[in-house]
Each structure stands twice: as structure tokens, then as C-alpha cells.
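Me: I have a model open and would like to learn how to read its features. Please take me through them in turn.

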Amino acid sequence: MTHVLLIRLAGPLQSWGTSSRFPARRDSHSRPTKSAVIGMCAAALGLPRTMSLKQPDKVTDDKERSNLTVLGGLARCLFGVRADHPGVPVRDYHTVGAGTYPLRPRDIITDHRRAAAVATGLDAATGDQFGHHTLTGWYGAPKKIATDPLSGVLVSGELSRSALITERWYLADATFLVGLQHEDEAFLTSVARALEHPQRLLWLGRKSCPPSGTLALKTVPGDLTTAFRNHRLLPGPDGTADPTRKPWAWLQATPSQHGATPVQDQPVSFDALQPEHTTRWEIRSRATISPNALDWEDLIP
């Protein structure tokens, strides 16, 4: 017997990445990815990023116990998502770097290159003017850190560059119903409790996209298809839902299942220095809502 934890993902903005973390163009997937949802559940539970999927084998009564960690149990869940309100793609224009930046006293004391560049003005400054200097076009990229050969202090490895223009895509006013299918109802209940009382901050793909309202809805018996069919569409930003609309749904499947396509969002490791994902398979279909489908109660928008 399996059970399904139903999760509501809604907010003003969502962004679900499937490619490189730092390109000039950061697209958003059309729906939540499994790795992002599992990562959100792991954050709610307070799991460390370095946790692996398996722990050392233990043997009791000459039989091996399950060696999955809590993260392994999450990753083992079958994943499904229903796009109750797919949202509207929006583009955000960004510029990073360049321009004129004030120098802190620390920048002058620890970085001889900056000190030399402002030496004339520094020597002439009096009173409360110490440290109030600017360098036009000097910008220390925070992700390019190097050891200064003279002082040994960590300083910016790149001091000057033109503005970097980037564009980032989001989904506005989207609402998704996500399902996690697992054999252990108690395990899913503990995840639901953590989502409503998280140990760490949660977001919908990026840190600028906090979730709104209720996250964990309920845990129901059955499989993903049954859970999606037996529950009405979630209300959208205006508080309504069209009961006649058939939303798209994506359900995790086996590779041999007809119509299954591969996606690279099966989490293997969330290590900040070396995150890793592998392939899983899913099928896409229109979700048919039962005429006797259940309404949502005590839902905080």
C-alpha cells in the first residue's frame, strides 16, 4: 500500500532551473523539478547538504536492513506534478558590476593595489576623510577570490571589468500541485510537518521566490494518478479555479513505459561544492478531475 503527500507550490514568482547555475541567461523550467522539491523537503527537515543517499550497511539477524538515509528516502519517492495554474513567463533584466564603488578602509589596508591607486588622494586627505575614496571601474567580483602575493590576504582576483548583462526568467502567479509517493505514511507525515514548521528557509527554486500560504496539504492513500484525479484544482491568485479545465500532469515512470521521456533531475547529492543529478523518466498527460473530487479545506492562500 502506497501513500501520497500532496504539496502546494504557489507564490508571486517561481523559477525552476535545469541548466548551469551561473550563465548569462537563466531560464526557468515550466514546472517544479524533482531535485528542487526534494531539496526543499530536505531543507525543511534540517538535513545537511553533505548527507549521502545511503549509510553504511548494517546487519541484524543475518539480514541486511535498509541502508537509505532520510535523504535517500526522499529521493526514492515517486514524483508527480500537476500544473493547476501554469503561470506566465516573465523576464527580469540584470546588470552586474562596473561603475564607481566606495572603498572601505579594509580594502585599502589589505589590498596594496587599491592603496597604490588612491595613494595621492589618501596622502592629502585629512580629518574624517580617511577611507572615503572611490575607484572608477574597479570592481571586485565576489566569486573570483585569490591570495595576495604580498600580504597573503584573500582579495579580489579580478579588479576591473565592464558590466555583465544577464537575464533571468520566472513564472508569475503559478500554482502547482506536487505529489510524493512512498510506502511509509509516517515518513510522509514527518515531511509534511517539517514543511509547515521548517528548520531552514524555503523558496520556490531561487532565494528571491518565497512560497506563499499552505505548503503541505494532506497525505492520502493510493498512487499519484489517483491522488491527482480525486482532488479539485487548487485556487489561483484570484482565489478561483475553472473546474472544467484539464491541466497537464507529469508523473514519474519506468523507462520502458510507453511515452516516457528522460529528465535530469533525480538528486544524487546536494553538496554545495559538487551537486549531482542523474536521469529519471516521466510521462506527460492531461489530468482528468473526477466529478466527485474533494475540495480543499483550511487552505491559506
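This is a predicted model: local features need pLDDT of at least 70, side-chain atom pairs count only at pLDDT 80 or more; totals for chains, interfaces and linings use all residues.

Me: Which residues of α6 are buried?

Reply: Buried means under 20% relative accessible area, exposed over 50%, and partly exposed in between (1.4 Å probe, protein chains only). In α6 the buried residues are Phe 187, Leu 188, Val 191, Ala 192, Ala 194 and Leu 195. Seen down the axis of α6, they fall within an arc of 160° (taken from the directions from the helix axis to the C-beta atoms), so they line one face of the helix. An α-helix has 3.6 residues a turn, so residues three or four places apart point the same way. Ala 186 and Arg 193, on the other side of α6, are exposed.

Me: What do the buried residues of α6 pack against?

Reply: Contact means heavy atoms within 4.5 Å. The buried residues of α6 pack against β1, α1 (34–45), α2 (70–76), β11 and β12 (216–221).

Me: Which residue caps the N-terminal end of α6?

Reply: A polar contact is a pair of N or O atoms within 3.5 Å; within protein, one must be able to donate a hydrogen and the other to accept it, and residues adjacent in sequence count only if both atoms are side-chain atoms. Here the cap is Asp 184, with a side-chain oxygen 3.0 Å from the backbone nitrogen of Ala 186.

Me: Is Gln 14 buried or exposed?

Reply: Gln 14 counts as buried because its relative accessibility is 0%. Gln 14 belongs to strand β1 (residues 3–14). Its side chain reaches the backbone oxygen of Leu 9 at 3.3 Å, and a polar atom of that side chain lies 2.9 Å from the backbone oxygen of Ala 174. Leaving aside residues up to four places away in sequence, Gln 14 touches several others, including Ser 28, Tyr 170 and Cys 209.

Me: How many salt bridges does the structure hold?

Reply: Side chains of opposite charge can pair when their charged atoms come close. The cut-off for a salt bridge is a side-chain nitrogen of Lys or Arg within 4 Å of a carboxyl oxygen of Asp or Glu. The structure holds 9. One of them joins Asp 84 and Arg 82 (2.6 Å, N to O), and both residues are buried. In another, Arg 91 pairs with Glu 167, the closest N and O atoms being 3.1 Å apart. This pair links distant parts of the chain: Arg 91 is in strand β6 (residues 88–96) and Glu 167 in strand β11 (residues 164–182), 76 residues apart. Arg 91 is partly exposed, at 48% relative accessible area.

Me: Where does Glu 282 find its salt bridge partner?

Reply: Glu 282 pairs with Arg 280, with 3.2 Å between the closest N and O atoms. Glu 282 is buried at 4% relative accessible area, and Arg 280 counts as buried at 4%.

Technical notes
Residues are numbered from 1 along each chain as its sequence is written. Side-chain values use heavy atoms; hydrogens and water are left out. Helices (H or I, at least four residues) and strands (E, at least two) are DSSP runs, numbered from the N terminus.
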